[in-house]
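Hi,

Here is the structure I said I would pass on. Have a look at it first, and then read my notes below.

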Amino acid sequence: MTAKTHVNGAATSSDWQDRYYHVDQILDRPGPRTDPSFLAGDEVKDFLRNKCKILVIGAGGLGCEILANLALTGFKDIHLIDMDTIDISNLNRQFLFRPADVGRPKAIVAAEYVMKRVPGVKVTPYYGKIQDKGDDYYLQFNLVICGLDSVEARRWINATLVNLVDPANPESLKPLIDGGTEGFKGQARVILPTVSSCYECSLDMLNKPTTFPICTIANTPRLPEHCIEWASVLEWPRTRGDEKLDTDDPEHIGWLYSIAVARAKEFKIEGVTWSLTQGVVKNVIPAIASTNAIIAASCCNEAFKIATSSAAYLNNYFMLIGTEGVYSYTFEHEKRDHCPVCGGEALEMSISRDWTVEQLMELLTEKQNIQIKKPSLATPEKPIYFQQPPQLEEATRPNLEKRVSELVPDGGEVVVTASTLPFSLSLIITYE
């Protein structure tokens with residue numbers, strides 16, 4: 001490998017001979033689908049390789065593929081966030097990790113590997129939660145790519161980027177490219193906060209999580225999943241009281257695993273494993289390496305097009321279905337007027353006059369286009385029920401058994417919030 005200095009106007013001494021030969025076929029001249037703002041030549045190559053700053057969220061199966069693709073495409077200033085450590089079960093598809101890395105933070109190991117393998121690329125890792133970072137952190141990036149396995153994390157970053165947009169400052173709009181995989185299925189999408197449909201707009205497209213009847217898991221378990229659900233839903237609160245279950249904490253997963261194994265042994269059920277325990281409590285579907293590769297390629301292709309304006313970017317949703325052959329479909333997902341993040345309009349909800357506050361909360365948790373876990377409710381004038389702080393929860397707890405119609409007039413507004421989401425949902429309540 002021969003190093004070459006100042007190749008094509010924007011390369012550095014760390015770049016090898018003809019490193020950008022194929023990429024520069026796109027950047028050296030306009031094409032039939034090139035954006036009118038595209039300026040071929042050294043300027044766009046300099047921006048891509050020396051100025052563009054990109055954030056990757058997630059360093060799992062999808063994130064590893066995304067990092068490798070970005071580095072080899074020419075992005076040289078990459079930041080990476082991941083809160084997980086490497087488990088031995090990751091090694092079959094998360095190819096940036098080795099057996100010696102087990103137990104180390106994914107973000108740090110992935111950054112080290114990419115920088116060692118692709119000279120000249122700087123990957124800045126952060127081992128922690130996306131919620132740890134403030135607005136100024138996210139404002140520094142030109143675009144954001146998500147390779148997450150968590151709906152809640154996607155909702156959080158989506159709402160955060162929408163809230164960052166200042167109409168008077170075009171630089172505050174940070175394109176979000178979201179990739180996700182589920183077995184042989186996957187999707188990639190481009191979200192322009194406040195301009196196009198956001199992640200929250202498409203909540204009703206998510207598959208409903210698998211649930212098991214309480215009577216089955218409590219009395220007649222037949223599957224290893226039943227034993228794990230019993231440990232997390234019934235035994236955890238009975239044994240550990242008010243301690244919140246953290247599905248990302250290895251100690252908590254280990255406790256559930258040991259309890260589920262004992263339960264399975266009692267009922268002569270086989271198949272309880274550590275990875276299955278993680279999968280059940282986090283609602284994780286096994287990942288397929290080839291699906292990750294295809295979706296990561298799509299995400300990075302869109303990042304390249306947005307960063308360089310060399311071609312029209314996706315508008316705005318790409319689906320891959322590989323369960324029977326290979327099928328893909330692209331369509332424009334439209335904004336939802338009642339979206340609590342980007343829509344701006346209140347959502348009308350009709351309920352029975354006999355419904356209690358507790359029943360309304362269950363509906364908000366289960367309704368496909370809302371899905372707010374542990375909601376807190378209030379009218380513009382007074383609280384109805386708050387989950388936190390403990391003193392306020394205790395004070396508003398009696399309202400759970402009251403009818404909503406006692407607290408909210410017909411056509412009245414209820415504001416719904418949750419500690420895990422940086423936005424509020426406005427409901428207009430009517431009675432049947």
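Let's start with the cysteines: a search of the whole structure turns up 0 disulfides, a disulfide being a pair of cysteine sulfur atoms within 2.5 Å. Cys 198 is in none, and the nearest cysteine sulfur, that of Cys 339, is 3.6 Å away. Cys 342 is in no disulfide either; for this residue the nearest cysteine sulfur belongs to Cys 201, 3.4 Å away. Cys 198 has a relative accessible area of 0%, so it counts as buried, and Cys 342 is buried too, at 14%. (Buried means under 20% relative accessible area, exposed over 50%, and partly exposed in between, with a 1.4 Å probe and protein chains only.)

Before you go further: this is a predicted model, where local features need pLDDT of at least 70 and side-chain atom pairs count only at pLDDT 80 or more, while totals for chains, interfaces and linings use all residues. Residues are numbered from 1 along each chain as its sequence is written, and side-chain values use heavy atoms, with hydrogens and water left out.

Next, find strand E6, residues 185-191. (Helices, H or I with at least four residues, and strands, E with at least two, are DSSP runs numbered from the N terminus.) Of the 7 residues in E6, 6 are buried, so the strand is largely enclosed by the rest of the structure. What does E6 pair with? On one hand there is strand E5 (residues 176-182), antiparallel to E6 over 7 bridges; two strands pair if DSSP finds at least two bridges between them. The hairpin of E5 and E6 has 2 residues between the strands, and Gly 183 takes a positive phi there, near 65 degrees. There is also strand E7 (residues 317-321), which runs antiparallel to E6 and is joined to it by 5 bridges.

Tyr 317 brings us to the rings. The structure holds 7 aromatic pairs. (Rings of Phe, Tyr and Trp, the last with its six-membered ring, pair if their centres lie within 6.5 Å; planes under 30 degrees apart count as stacked, over 60 as edge-to-face and the rest as tilted.) Tyr 317 and Phe 331 are a stacked pair, 4.9 Å centre to centre with 25 degrees between the planes. That pair links distant parts of the chain, with Tyr 317 in E7 and Phe 331 in strand E8 (residues 327-331), 14 residues apart. Tyr 329 also stacks with Phe 331, at 5.5 Å and 20 degrees. Is Tyr 317 buried or exposed? Tyr 317 is buried, at 8% relative accessible area, whereas Tyr 329, at 44%, counts as partly exposed. Elsewhere, ring pairs link Tyr 137, Tyr 138, Phe 141 and Trp 156 into a cluster.

Tyr 138 turns up again in the largest nonpolar core, which has 51 residues; Tyr 138, Leu 377, Leu 427 and Ile 429 have the most contacts inside it. (Such a core is a set of buried Ala, Val, Leu, Ile, Met, Phe, Trp, Tyr and Cys residues joined through side-chain atoms within 4.5 Å.) Helix H6 (residues 151-164) gives the largest share of this core, 7 residues. Another core, of 46 residues, lies apart from it, and includes Ile 86 and Val 109.

Happy browsing!
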